[in-house]
Amino acid sequence: THAVIKDVLSGQYQVGDTVTVKGWIRTKRDSKAGISFLAVHDGSCFDAVQAVAPAELNNYENEIKRLTTACSVIVTGTIAKSEGQGQAFEIQASSVEVVGWVENPDTYPMAPKRHSMEYLREQAHLRARTNMVGAITRVRHCLAQAIHRFFHERGFYWISTPIITGADAEGAGEMFRVSTLDLENLPRTDKGTIDYKQDFFGKETFLTVSGQLNVETYACALSKVYTFGPTFRAENSNTTRHLAEFWMIEPEVAYAELKDVAQLAEDMLKFVFKAVLAERADDMAFFAERVDENAISRLQSMIDSTFVRMDYTEAVEILKNCGKKFEYPVEWGVDLQSEHERYLAEVHVGAPVILQNYPKDIKAFYMRMNEDGKTVAAMDILAPGIGEIIGGSQREERLEQLDARMDQMGLNKEDYSWYRDLRRYGTVPHAGFGLGFERLVSYVTGVGNVRDVIAFPRTPGNADF
Ligand code: 4AD
Ligand code: MG
């Protein structure tokens, strides 16, 4: 039987059972006694299984001894108790079939040593083979599954919102244009501007920056919904927290206020942290050893804590009076920078903070105006070590107020007519948030750059692979 290595190592087979594993050589060691020890991995778990290949095998001299890291092999043998420390079981090989050789092993880019994350980024097509990227990949998968499970168990429906859109959901003008027009020969209107009527969709279109506006339409019918999909931002930010293409989870709840979705976000984060500690103990142990010794305890303490809620206004007072010199000075009304967010989460509170009720002028047009007329019902969740991982708000459900905000911000109401209809036909209070998936994976693993937690990162100047 074809066995996955996870099952072999976790004792799903009996000593003496015959199994076949299919994978790649991580390392090989030959003993003087004429035995080769092959560490074979197949991605099913962090560890490789040890296959013991004796000299009696007919291809021992001409093939097995020549195996190097990354060769692909099919090993058949019997399960045995392992003598060495570390693992309980190994495979006594009765056959080792070489499926693919590594040509010129000296030039193979993924030598079995530690590579820098920068180097691995340049080898994006090969880096999945490393322990590090394998572990990140399994944790990312586990988190995605846990998120779907969390929402499913709470009665949310998953809505697939469009990637191509005509509306700027954040009103921030950071969109990639989608067009089939011939750049050399752009059609022009009488006024000399580009005539997008002649484009594929008969109008100017973009890659979505957020599925929120679309998912609101479904919340206003199915009550509890969420999106989980790719989003795109043409912001020229060269930081460890920004990607031009990232994945976002956006729940949206009808008959909900800001405090309800703040609680939902806290519950969701705790749920997925528990899942990853339970399901990916092997990979988390690796991160604790290699990347951040607090990788596990950090999640555990978040699970046990109550997130602190704080108003923006109070946070500004704290930052002004804390005695620390920031690169960007703080005044009521400014957008908080990463240094401020991190100070609040890491130094002042030492745990995640839910910052609420931001000045209206630094937030998006759809956020609900508070009674004071100066702030909106917005929240950001700031995590130690990374800053903002979640941004959300209660939405403006009153047409008059929404229109006033759109006018103030110079948005074209015609572009948002369908969004305004939600306020005209059976409007309800509703609220939601967006979780940046790569920031979550970065937080959980301790891997400090979001480029390393997505398979093929897209950043300014980089769309290779
Ligand atoms: O705060 P943002 O811009 O909020 C929205 O897009 C809302 N429509 C969400 C909602 O209420 N439904 O983005 C949400 C989150 C941020 O907190 C951050 O974690 C992540 O998305 N994010 C990015 N992640 C990686 N690279 C980027 N360039 C990101 N921009 C935002
Ligand atoms: Mg935000």
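Accessible areas here come from the Shrake-Rupley method with a 1.4 Å probe, and for residues only the protein chains shown count as cover.

**Ground rules.** I am working with a predicted model, where local features need pLDDT of at least 70, side-chain atom pairs count only at pLDDT 80 or more, and totals for chains, interfaces and linings use all residues. Residues are numbered from 1 along each chain as its sequence is written, chains are lettered from A and ligands numbered from 1 in the order in which they are written, and side-chain values use heavy atoms, with hydrogens and water left out.

**Surface and burial.** Of the 465 residues, 51% are buried (under 20% relative accessible area, 1.4 Å probe, protein chains only).

**Fold.** I noted twelve helices and 16 strands, taken as DSSP runs (helices H or I, at least four residues; strands E, at least two). The C-alpha trace spans about 85 × 60 × 45 Å along its principal axes.

**Ligand 1.** I then turned to the ligand and listed 23 residues around ligand 1, with Glu170, Gln212, Arg233, Glu250 and Glu388 the closest (a residue counts if one of its heavy atoms lies within 4 Å). Next came the polar contacts, meaning pairs of N or O atoms within 3.5 Å. Serine 210 places a polar side-chain atom 3.0 Å from a ligand nitrogen atom. Isoleucine 389 uses a backbone N or O atom, 2.8 Å from a ligand oxygen atom. Glycine 436 has a polar backbone atom 3.3 Å from an oxygen atom of the ligand. On its own, ligand 1 has 620 Å² of accessible area, and the protein covers 93% of that.

Definitions and conventions. Buried means under 20% relative accessible area, exposed over 50%, partly exposed in between (1.4 Å probe, protein chains only). A polar contact is a pair of N or O atoms within 3.5 Å; within protein, one must be able to donate a hydrogen and the other to accept it, and residues adjacent in sequence count only if both atoms are side-chain atoms.
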